[in-house]
Amino acid sequence: MTNAAIIVAAGRGERLGAEVPKQYLPLGGRAVLYHAAAALCGHPGVGPVRTVIRPEDRERYDAAIEGLDLLEPVAGGASRQDSVRLGLESLAAQAPSNVLIHDAARPFLAADLIGRLLGTLATSPGALAALPVADTLKRAHGGKVLETLDRAGLWRAQTPQAFHFDAILKAHQSVAGQTGFTDDAAVAEAAGLPVALVEGDEDNFKITTAADLARAERVLLARAGETRVGTGYDVHRLGPGDGVTLCGVRLPCEMSLQGHSDADVALHAVTDALLGAIGAGDIGSHFPPGDPEWAGAASDQFVRDACRRIAARGGRVVHVDLTIVCETPKIAPHRGAMTARLAEVLGVGEGCVSVKATTTEGLGLTGRGEGIAAQAVATVRLPPHMVKSS
Ligand code: CTP
Ligand code: MG
């Protein structure tokens, strides 16, 4: 059994009135369309996803959906109804069992809503995401109330709307040419197809006006949680030896760093920055320097431990910026290897890590070659529900 999906994105967004159709406007760094498409593509119950677009938007579309696995888009029509019908017809050859029809302009499509809709199709040929009307309804004319309507039994229809594929294709084809069907449940209704109500989601609103786009930005901001920044600083003494370990990479040198563990001053500073970002003490409080367990230990385990503490709070490391302060060894030739290793230990991409080095022009403890210092800044994102307790 295949569940296909159609995303209608062939509108012009006239009510929003931006230079480009609203589904291509940026929202949290990606196009509005991307968010809904990613939700559908990433859902385990959803198979092929077809987008319906205006052919003249093709370049914008390609940029918007970069990285997603979608079917080749098809051209839409003059009305939403036409666009849906054209999308359904384009899927006919693949004969899916069910289809979800969704507006590109609804970016906050939750996976559990998709699941509830598909589940309902086991007992109903159609299912509609909807919310009960809470406000009192007035019919008015010329700015004056004519009457108060009974809101009992009234629902606000959202998308996705889900249907048995053959039934909704037939229903759409049978009303082709008739106008006034603003959603697919109305088309189903005209064809006598029962449609079950499924509880929708307040965040699954449609972006229609500029105020809706601003609301969408606020939703994203709230969902992003809190950004935390931590700093870390460490110094280790240099003594006789033949190399130093920095960021887990062995650098040849006429000296060695001294310390209880492998004395990787860079990773110690990073560990403290990570712990600082979540207010979880410092490296010494978790790995006491006198403890024989950590004698000669590889310092990547300290970083990994801090990362686990962040993950346990539902957070993730966004970025780490590290500065190593020393006269020797020269860091530049090893910077690539150190960056790669640090990214690997942190479990982030190399673009999320920065390794820099500086000297102190012969001044101070680093200038005199008595030791190496490192300082790090870690940026960590925590989810909204964890922010208060941590
Ligand atoms: N849509 C479509 N084809 C059309 C008209 C609308 O695919 N001919 C899509 C829109 O891209 C949107 C969804 O249907 O994702 C809901 O329509 P609406 O909110 O009305 O979007 P627009 O028509 O783009 O906006 P407006 O009515 O303000 O111009
Ligand atoms: Mg419209």
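1. Pro107 is placed in the loop between β6 and α4; helices (H or I, at least four residues) and strands (E, at least two) are DSSP runs, numbered from the N terminus. Pro107 is buried, because its relative accessibility is 4% (buried means under 20% relative accessible area, exposed over 50%, partly exposed in between; 1.4 Å probe, protein chains only). Leaving aside residues up to four places away in sequence, Pro107 touches Leu27, Val32, His35, Ala36, Phe205 and Ile207, where contact means heavy atoms within 4.5 Å. Pro107 and Ala37 are 70 residues apart in sequence, yet their C-alpha atoms are 8.3 Å apart.

2. On the basis of the coordinates: this is a predicted model, in which local features need pLDDT of at least 70 and side-chain atom pairs count only at pLDDT 80 or more, while totals for chains, interfaces and linings use all residues. Residues are numbered from 1 along each chain as its sequence is written, chains are lettered from A and ligands numbered from 1 in the order in which they are written, and side-chain values use heavy atoms, with hydrogens and water left out.

3. Helix α4 comprises residues 111-120, and its buried residues are Leu113, Ile114, Leu117, Leu118 and Thr120. Seen down the axis of α4, these residues fall within an arc of 160°, so they line one face of the helix; the arc is that of the directions from the helix axis to the C-beta atoms. Their cover includes β1 (3-9), α1, β6 (98-103), β7 (126-132), β10 (155-164) and β11 (195-199).

4. His43 belongs to the loop between α1 (32-41) and β4 (49-53). With a relative accessibility of 12%, His43 counts as buried. Residues up to four places away in sequence excluded, His43 touches Ala111, Ile114 and Gly115. Ile114 is also one of the buried residues of α4.

5. As to the whole chain, its secondary structure comes to 13 helices and 18 strands. The radius of gyration is 29 Å, well over the 21 Å that the globule rule gives for 390 residues, so the chain is more spread out than a compact globule; the radius is taken over C-alpha atoms, and the rule is 2.2 Å times the number of residues to the power 0.38. Along the principal axes, the C-alpha atoms fill a box of roughly 90 × 45 × 40 Å.

6. Buried residues make up 47% of the 390 residues in the chain. Of the contacts between residues at least 6 apart in sequence, 71% join residues at least 24 apart.
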